[in-house]
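This report describes a protein model with two ligands, written for a reader who is new to structural analysis. Please keep the sequence and the three-dimensional view at hand while reading.

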Amino acid sequence: MSALRIVLWDQLSHTLSALKDAQAHDVVLFCETHYEASLVPHHPKKLAFLYAAMRHFAQELCQKGLRVRYVTLDATDNTGMLASEITRAVKDLGASHIIMTQPSEYALRQDLLHLFKELTLPFEMREDDRFLCSEGAFKNWAAGRKELRMEYFYRDMRKHYRILMDKGDKPLGGQWNFDKENRRPPECGLSFPKRLSHPRSDTLKEVLRLVGKHFPGHFGDLEPFYYAVTREQALLELEDFIIHCLPFFGDYQDAMVRDEPYLFHSLLSSYLNAGLLAPLEICRRAERVYLEGKAPLNCVEGFIRQILGWREFIRGVYWLKMPAYGDLNYLEANGPLPSFYWGGPTHMACIKEAVTHTRIHAYSHHIQRLMVTGNFALLAGLDVAEVQAWYLSVYSDAFEWVEMPNTLGMALFGDGGLVGSKPYAASGKYIHKMSNFCAQCPYNPDGLLEEDACPFNALYWDFLARHRQKLDNNPRLSFSYKNWDRFDTPKQEAIRHKAKQTLLTMKEETL
Ligand SMILES: Cc1cc2nc3c(=O)[nH]c(=O)nc-3n(C[C@H](O)[C@H](O)[C@H](O)COP(=O)(O)OP(=O)(O)OC[C@H]3O[C@@H](n4cnc5c(N)ncnc54)[C@H](O)[C@@H]3O)c2cc1C
Ligand code: SF4
């Protein structure tokens, strides 16, 4: 009786529930399939990272004595789809049953459940216990609450895992959250550590060749490639971050700097999401740094909150609300995505910067995703589905469970306030304050109606005016609406006209 154990490209953990009781006569199946790789045009770096990491992980399982069936992208008998590869493996191997860990994405989970039933084989779809809050525990936490707020969830997680806690139930430092200290704009002379790159294995070289050949039309640069592709290398990334970046992480968490894609951010999301690193080991490692006096509390707390709080909360919301969540579009945004998201021309220095980082690195940090590309999409009313497809394609850490609530919920307010308590809408003033982009921009961040006025400014007021019916009652926007009401009617009309002109210019691809 041999089991077919299926491992997906974001399940590369030796502790994976599907592998826990693996026997020498079982077979572990890995598939590289063209269909799944092309559902959206994934960035070539993302594909290379995931395939190389998957191949290395499979090699590690072989070294541990497990039998592996690995279907490479260019294998002559590869049928190109995960479902048909599973069916083929079941037949070839005469598997008696199937074991896998729940896929992280809703549609794939449903598709595979359907397939397993069709195959009429016994199967087990085990819980993904690499997350710190199970889907069931999140449902219990959410039950009966009027509002789901990350901050309260995070406090409960801190208490549960006893991270940064005193001997009782109080947070270390007397505060749960040091966010107010974490908003320093970039200062002149600030320098950032050089990041690691890793030696190329033959496996990685082969994958780079393959991805270059098979996905030439996908947006993004394959080279230079410097991602970690094994757990050992990912651990080096973690240590590098802990030593060189964590002591400054909080202070400059929201800052944006020209030609600096990383600042003090950890770059760990891809390794976490693929399974090379585990969330608790990262949080514990960061906590130790604080306890040893090597990084200040605001930095360590700010970092741990992202993983223990935001990451788990986002996943909880996804599983709580799917499948209906994916169809939400509270603000009825349906404008086509302009070509500058795919590298087309734009004069807006901030957008150019964020898209360039994205093209080269398959990465841009949170504030660029939220307050530059996300903010523009929100203000301009760009189509929620198109914007999501963009985010899912272009970032190496993008999987629907985490991309969707961040994009649809946090950036686009498409869920009407489930993930965030107000839309993250901001004018050019915010970007001007938190970055040095505007100095290089032909637009004037302080302008409003002039020809060279920053496009974000009129769009920001127009956004508020356009959605007043839906947003007026939000107490966190009352100050903004008071300011809008201070403009006299001709000025309001002029602003709204300017916003219309801006959207026309965007359509003509000359913004
Ligand atoms: C529109 C939009 C789309 C996003 N899409 C993704 C995505 O597809 N995949 C993804 O992992 N993150 C996504 N994020 C969240 C966040 O931007 C990235 O996790 C972060 O930029 C990754 O870089 P880092 O590892 O250097 O993070 P750091 O700034 O160093 O943060 C540390 C870790 O905290 C976690 N984290 C931080 N913020 C979030 C968040 N909002 N949601 C979930 N985890 C978080 C990540 O695991 C990250 O590695 C998105 C955010 C926005 C606004
Ligand atoms: S002026 Fe406006 S468009 Fe230009 S970089 Fe600043 S915020 Fe962006």
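The model is predicted. Glu509 lies in the segment after helix 21 (489–507). Although Glu509 is not a glycine, its phi is positive, at about 65°. Most residues other than glycine have a negative phi.

Thr120 also has a positive phi, of about 50°, and is not a glycine. This residue belongs to the loop between helix 4 (106–119) and strand 5. Thr120 is exposed, with 7 other C-beta atoms within 10 Å.

## Two cis peptide bonds

Most peptide bonds are trans. The bond that joins Glu223 and Pro224 is cis, with omega about 0°. Pro224 is placed in the loop between helix 7 (202–214) and helix 8 (231–244). A cis peptide bond also joins Met322 and Pro323, where omega is about 5°. Pro323 is placed in the loop between helix 12 and helix 13.

## Domains and their contact

The protein is divided into domain 1 (3–126), domain 2 (135–193 + 245–321) and domain 3 (339–507). The centres of domain 2 and domain 3, taken over C-alpha atoms, are separated by 25 Å. Contact between the two involves 20 residues of domain 2 and 25 residues of domain 3.

On the side of domain 2 that touches domain 3, helix 10 and helix 12 are the elements that give two or more residues. Helix 12 gives the most, with four residues. By class, the residues on this side of domain 2 divide into 13 nonpolar, four polar and three charged.

Five strands form an open sheet with parallel pairing, in the order 3-2-1-4-5. Strand 3 (67–71) and strand 5 (123–126) are the edge strands, since each pairs on one side only. From one strand to the next, the twist averages 20°. As a general point, strands of a sheet pair through backbone hydrogen bonds.

Strand 1 (residues 3–6) runs parallel to strand 4 (residues 97–101), and four bridges join them. Within this pair, Ala3 has His97 of strand 4 as its bridge partner. Helix 2 (residues 44–63) packs on the sheet, where it touches strand 2 (27–31) and strand 3; the direction of helix 2 makes about 160° with that of strand 3. Helix 3 (residues 82–93) also packs on the sheet and touches strand 1, strand 2 and strand 3; the direction of helix 3 makes about 150° with that of strand 2. Strand 1 pairs with strand 2 in the parallel sense over three bridges, and Arg5 stands opposite Val28 in strand 2. Both faces of strand 1 are covered: Ala3 and Arg5 are buried on one side, and Leu4 and Ile6 are buried on the other.

## The surroundings of ligand 1

Ligand 1 is surrounded by 28 residues, of which the closest are His265, Ser266, Ser269, Gln306 and Glu403. Domain 2 and domain 3 both give residues to this shell, so ligand 1 lies between them. At least two residues each are supplied by helix 10 (269–274), helix 12 (297–321), helix 14 (366–380) and helix 16 (400–411). The shell around ligand 1 has 14 nonpolar, ten polar and four charged residues.

Helix 16 is mostly covered, with twelve of its twelve residues buried. Among them are Trp401, Glu403 and Leu408. The buried residues of helix 16 pack against helix 10, helix 12, helix 14 and helix 15 (384–394). Phe413 follows helix 16 and has a positive phi, near 55°.

Which residues come nearest to ligand 2? Of the 14 residues around ligand 2, they are Cys350, Gly428, Cys438, Cys441 and Cys454. Helix 13 (349–361), helix 17 (428–434) and helix 18 (455–466) each supply at least two residues of the shell. The largest share, three residues, comes from helix 17. The shell around ligand 2 has twelve nonpolar and two polar residues, and no charged residues.

Technical notes
Residues numbered from 1 in each chain as written. Chains lettered and ligands numbered in written order. Predicted model: local features only at pLDDT ≥ 70, side-chain atom pairs only at ≥ 80, totals over all residues. Near = placed C-beta within 6 Å. Nonpolar A, V, L, I, M, F, W, Y, C, P; charged D, E, K, R; others polar. Domains from an automatic or database assignment. Contact = placed C-beta atoms within 7 Å. Pairing = 2+ DSSP bridges. Axes fitted to C-alpha atoms, helices over the stretch in contact; angles between N-to-C directions. Buried ≥ 20, exposed ≤ 12 C-beta atoms within 10 Å, placed from the backbone.
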